[in-house]
Structures are given as C-alpha cells and as structure tokens.
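Please look through the sequence and the model shown here before reading the notes.

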Amino acid sequence: MSRRPFRIGRSNTGFGLFATRPIKKKARITEYRGPVLDHETAVRAENRGNRYLFEVSKNRTIDGTPRYNLARYANHSCNPNSEPIIWRGRVFIRALRTIKPGEQIVYDYGTDYLRNVIGRSNCRCSRCRRRRARRARELRAAKARRAARLSRERRAMRKAVRGTPRRAKR
C-alpha cells in the first residue's frame, strides 16, 4: 500500500488529487515543492504563462512546475476541504476537515488567481457549478412564467375582441 493518502486522477478541471483513505482534520497531506524564485524571475515566469507559481512572500515564490511536485494537482474550489500552510519558507497542504476516500483534495487559490486566471464565470468547482445550474433553472422558470402570462393575456385579448358587438355594414 502506498505511503501517500491520495492518488492523481481525472477531475472536472483536468487532473486532481483524490483521497485513497480517510485523511484526518489538520493532517499534512503533501508539500508544494519546486525551485525557489526571486520576485523578478517569478514575474518573468508568470508572463511566460507559468501557472504553478506559489507566492511564499513578496520576495520568494515557489515554482511548482516539476513533476515531482504532486501538490500542483490539488485544484481550486470555492468550498475547500484543505488549505495551504506556509511554515519556515515551505508550503504544505493541510486538511481543514476530515476528507473521505474518493473525495477530491481542493483548496482556495485566492481571489487574485480566481479573477485573473480562472475567471469567476469559468470556475468549475462543485459550488460554482451548483450556483450556475440553480441560476439557469431560475431563468428557465422565469421565462416559462413570462411565456404563460403572455399567452393568457393574448387569449384574454382575443376573447375580448370576439365578445364586442360588430358594427353593421351600411
């Protein structure tokens, strides 16, 4: 059996981390690893399109691009079950609550990443998908109510027109 309490698998957003056994609350899951970059190098990497940068401080950023960095597969969620913890210049992913086997390990990337990279309307976490589905249901129901009201009004107009006496022709 693997030492790691998770596996890498397919998710709605590409690859993701999934728990293989229960992970207790506040347990360290994995470390976000990679070369440490200074601010200027990190800005250049970001401009080249690197999306695996984790800012530890304003002068230090971890480049999580290497494949040995398994924490890079933990996806964003607006309703996270884990969180990043910065401890002595290292970043660990820690469980916020007990994570069940088969559940995806996700944490909140922050508002800057959500706004600038993902986009609020493109977030594919379960919470945002449910919110968009509920909004679509509400819009469909409002459209159906509007169509029914217009149909009733048209019927009433036709009935009113039929009920008025016609003028006799001369």
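The notes below cover strands, salt bridges and one surface patch.

This is a predicted model, in which local features need pLDDT of at least 70 and side-chain atom pairs count only at pLDDT 80 or more, while totals for chains, interfaces and linings use all residues. Residues are numbered from 1 along each chain as its sequence is written, and side-chain values use heavy atoms, with hydrogens and water left out.

**The open sheet**

- An open sheet is built from 4 strands in the order β1-β2-β10-β7, with mixed pairing.
- Strands (E, at least two residues) and helices (H or I, at least four) are DSSP runs numbered from the N terminus, and two strands pair if DSSP finds at least two bridges between them.
- The edges are taken by β1 (6–11) and β7 (75–76); each has a single partner strand, so one side of each is left without a neighbour in the sheet.
- β1 runs antiparallel to β2 (residues 14–19), and 6 bridges join the two.
- Within this pairing, Arg10 stands opposite Phe15, and Ile8 has Leu17 as its bridge partner.
- Strand β10 (residues 104–107) contains Ile105.
- Ile105 has a relative accessible area of 0% and is therefore buried; buried means under 20%, exposed over 50%, and partly exposed in between (1.4 Å probe, protein chains only).
- Ile105 and Ala74 are 31 residues apart along the chain, and their C-alpha atoms are separated by 5.8 Å.

- Strand β9 (residues 90–95) runs antiparallel to strand β3 (residues 28–32), with 4 bridges between them.
- One of the residue pairs here is Arg28 with Arg94.
- β9 also runs antiparallel to strand β8 (residues 82–87), joined by 6 bridges, and Ile85 has Phe92 as its bridge partner.
- A hairpin with 2 residues between the strands is formed by β8 and β9, and Arg88 in the turn has a positive phi of about 55°.
- Ile29 belongs to β3 and counts as buried, because its relative accessibility is 8%.
- From C-alpha to C-alpha, Ile29 and Ser82 are 8.7 Å apart in space, although 53 residues apart in sequence.

**Salt bridges**

- The whole structure has 4 salt bridges, each being a side-chain nitrogen of Lys or Arg within 4 Å of a carboxyl oxygen of Asp or Glu.
- Among them is the pair Arg90 and Glu31, at 2.9 Å from N to O.
- Arg90 is in β9 and Glu31 in β3, so this pair ties together parts that are 59 residues apart in sequence.
- Glu83 and Arg94 form another salt bridge, at 2.6 Å from N to O; Glu83 lies in β8 and Arg94 in β9, 11 residues apart.
- Glu83 is partly exposed because its relative accessibility is 23%, and Arg94 is partly exposed at 25%.
- In the salt bridge between Arg97 and Glu103, the closest N and O atoms are 2.6 Å apart.

**A positive surface patch**

- Arg124, Arg127, Arg129, Arg130, Arg131, Arg132, Arg134, Arg137 and Arg140 form a positive surface patch.
- Patch residues have over 30% relative accessible area and no salt bridge, and like charges are joined within 9 Å.
- Lys and Arg count as positive, and the place of an Arg charge is taken as CZ.
- Accessible areas come from the Shrake-Rupley method with a 1.4 Å probe.
- Arg137 lies in helix α3 (residues 126–163) and is partly exposed, because its relative accessible area is 47%.

Definitions and conventions:
Patch = residues over 30% accessible without salt bridge, like charges linked within 9 Å, V, L, I, M, F, W, Y side chains within 5 Å.
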